Amino acid sequence: MASSANPFSLSLPSKLAPNSSLHRANSSEFFLRFQNSPAPSSLRSSFVSPVKIELNRVGVSALKASRIGSRISASSTPVMDQSPSQTTSRVPTVVEVDLGNRSYPIYIGSGLLQQPELLQRHVHGKRVLVVTNTTVAALYLDKVVEALTHGNPNISVESVILPDGEKYKDMDTLMKVFDKAIESRLDRRCTFVALGGGVIGDMCGFAAAAFLRGVNFIQIPTTVMAQVDSSVGGKTGINHPLGKNLIGAFYQPQCVLIDTDTLNTLPDRELASGFAEVIKYGLIRDAKFFEWQEKNMQALMARDPDALAYAIKRSCENKAEVVSLDEKESGLRATLNLGHTFGHAIETGVGYGEWLHGEAVAAGMVMAVDMSYRLGWIDDSIVKRVHSILKQAKLPIAPPEIMTVEMFNSVMAVDKKVADGLLRLILLKGPLGDCVFTGDYDRKALDETLRAFANC
């Protein structure tokens, strides 16, 4: 938790280790040190009340924290070091997001839309509303309706088809979902289904959180971006003209169903955009995964099914572990936003939809890496590797020329990670796979980075 007197600083290890011990530094600050990890690392945060943290290993790693007046329990399956040949896209894989009684599975595999039981087991009540867009509806809406109703005639399915694109992620478009739900007289036992990319998932989830003060919903992501990132973790919302994703809620789905076959119809530009989030996981917490990407990016770009299945699975494992430990972004989860502060400024500055989210995040990551280097926190080899892998993925390594220093500063001033007027950033620090979430940095480095990448 941040305060103006003591800017929040969170240092992260690349992975959780089986054994840990908690060392108290003072009455308000704690260090979680991990034993048997490749290099010493610490998780630093501040809490208002005393905290007890236990770490045990019974097949999965479990982190249990209890505070005065509350108890939080979270666990996740450890990220495994496996090659693509060990992950087949034909056999469904399950990654669990452990949030106690709100835990849910992520199903990953080929042909999952042809397995009706996967969806039907998570439908509550007899009424379903599928939220999709004009592009995806023509490709997959009938398949989803069939999967929802096959052998189950009691299920009634409605659908609402929204226009396609980030520029429609707004209140006016969101109201179309509510209009359909109300006109169809859906009740609190209904289930919303998000069928599409990140925009549809975010809007459908927000609609589910708000309709009748909360109804169940399911995510069926159809883009790499949504499959590896936005569909997992319960972040929902819409954009505002002054900033991206400023209106929304944390609201978890009943399940996430990732049919990798849906990527067969994804345009090349959208495919590449999603790989920005895959690359991010390697940079902030999973060096081995980044090294695998360096060797396999061409296979990913060629849509090799085994490579895609492995990249999606590994990304979901990373995301699930972080969400399980920090659902509502009190610190640890914020690190998943590497490059996003700069990237969201680009998306807002050029107009929503002009640059895809992953394209803006890629340029934003380059800027975050540049700033990290200027601070002396990383060596130039990491800078070069980031540039190289983004070029392999055909992603930009600089913002558009229209962006000015003033545009960056004005948009970043309302970023969700601002606390007490202080802009906190996710930056790399130390070896590959380590990062910090902090407001404690030399402002000169930020100014220099902005001047290097934007017009004055």
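## Helix packing and a strand hairpin in a predicted model

In helix 6, Leu271, Ala272, Phe275, Val278, Ile279, Tyr281, Gly282, Leu283 and Arg285 meet Ala287, Phe289, Phe290, Gln293, Met297, Leu300 and Met301 of helix 7, a contact meaning heavy atoms within 4.5 Å. The residues of this contact of helix 6 with helix 7 divide into 13 nonpolar, two polar and one charged, where Ala, Val, Leu, Ile, Met, Phe, Trp, Tyr, Cys and Pro count as nonpolar, Asp, Glu, Lys and Arg as charged, and the others, Gly among them, as polar.

This is a predicted model, in which local features need pLDDT of at least 70 and side-chain atom pairs count only at pLDDT 80 or more, while totals for chains, interfaces and linings use all residues. Residues are numbered from 1 along each chain as its sequence is written, and side-chain values use heavy atoms, with hydrogens and water left out.

Helices (H or I, at least four residues) and strands (E, at least two) are DSSP runs numbered from the N terminus. Axes are lines fitted to C-alpha atoms, for helices over the stretch in contact, and angles run from 0 to 180 degrees between N-to-C directions.

| Helix pair | Angle | Axis distance |
|---|---|---|
| Helix 6 (residues 268–285) and helix 7 (residues 287–301) | roughly 160° | within 7 Å |
| Helix 3 (residues 171–183) and helix 4 (residues 198–210) | about 55° | 10 Å |

The angle of about 55° between helix 3 and helix 4 makes helix 3 oblique to helix 4; angles under 35 degrees count as roughly parallel, over 145 as roughly antiparallel, 65 to 115 as roughly perpendicular and the rest as oblique. The crossing of helix 3 and helix 4 is right-handed, that is, the near helix is turned clockwise from the far one by less than a right angle, whereas anticlockwise is left-handed. Here Thr173, Leu174, Val177 and Phe178 of helix 3 meet Met203, Phe206, Ala207 and Ala210 of helix 4, and these residues comprise seven nonpolar, one polar and no charged.

Strand 14 (residues 235–240) runs antiparallel to strand 15 (residues 243–250), joined to it by five bridges; strands pair if DSSP finds at least two bridges between them. The two strands form a hairpin with two residues between them, and threonine 236 in this pairing stands opposite alanine 249 in strand 15.

The protein averages a pLDDT of 84, and 80% of the residues score at least 70, pLDDT being the predictor's confidence in each residue, from 0 to 100. Over residues 13–89, however, the pLDDT is below 50. Where pLDDT is low, the predicted coordinates should not be read in detail.
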